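Please keep the sequence and the model in view while going through the numbered points.

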Amino acid sequence: MRVGFTFAAFIALGVATSAHAECADFFCTNVLIERLVVYHDGDIAIATSGNESQLQCDSGIYSYIEFSRSDESYPEWYANVLAAFANNRPITIRMGDGTGICKVSYIVQDA
């Protein structure tokens with residue numbers, strides 16, 4: 001019985017630690033939001049547990065992912081980012097294709 005429990009705990013630990021945060025190409029996958037910045041105009045920026053400098057777009061000098069209040073999806077993105085930040089939940093962020101400033105295409109947050 002004890003061996004079965006130890007084995008199950010070992011497997012659970014392996015599964016829990018196998019999902020790691022990373023940013024590459026146009027995705028930041030399974031990242032935690034480590035910093036949330038709200039600017040005076042209402043735009044927001046986030047720093048994640050991934051390395052945004054590895055993205056194929058320009059994340060700026062501070063390697064932040066920025067969300068413009070002028071974007072039509074801003075209210076949904078802000079709600080999703082704030083919920084993930086407040087609850088310390090990982091998210092995946094997809095950037096638009098291109099080498100300019102990082103522009104968010106969509107955000108995924110799993111239960």
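1. A residue is called buried when its relative accessible area is under 20%, exposed when that area is over 50%, and partly exposed in between. The model discussed here is predicted. With a relative accessible area of 10%, Y74 is therefore buried. Y78 has 28% relative accessibility and so counts as partly exposed.

2. Y74 and Y78 lie 4 residues apart in helix α2, and about one helical turn separates them. A search of the whole structure gives 3 aromatic pairs. In the pair formed by Y74 and Y78, the ring centres are 5.8 Å apart and the planes meet at 15°, so this pair is stacked. Planes under 30 degrees apart are counted as stacked.

3. The next point concerns strand β4.

4. Strand β3, residues 33-38, pairs with β4 in the antiparallel sense over 5 bridges, and R35 stands opposite A47 of β4. The hairpin of β3 and β4 has 5 residues between the strands, and in this hairpin G42 adopts a positive phi near 95°. Strand β5, residues 65-67, also runs antiparallel to β4, to which it is joined by 3 bridges. Here I46 is found opposite I65 of β5.

5. Attention may now turn to the nonpolar interior. In soluble globular proteins, nonpolar side chains tend to be buried together. The largest nonpolar core of this model has 20 residues, of which I65, F67, I93, M95, V104 and I107 touch the most other members. At least two residues of this core come from each of β2 (27-31), β4, β5, α2 (74-87), β6 (91-95) and β7 (104-108). Helix α2 gives the most, with 4 residues.

6. Which residues does V104 contact when its neighbours within four places in sequence are left aside? V104 is then in contact with I65, E66, F67, W77, I93, R94 and M95.

Note on methods. Residues numbered from 1 in each chain as written. Predicted model: local features only at pLDDT ≥ 70, side-chain atom pairs only at ≥ 80, totals over all residues. Heavy atoms only, no water. Pairing = 2+ DSSP bridges. Core = buried A, V, L, I, M, F, W, Y, C linked by side-chain atoms within 4.5 Å. Buried < 20%, exposed > 50% of the residue type's maximum accessible area, 1.4 Å probe, protein only. Contact = heavy atoms within 4.5 Å. Phe/Tyr/Trp six-rings, centres within 6.5 Å; stacked < 30°, edge-to-face > 60°.
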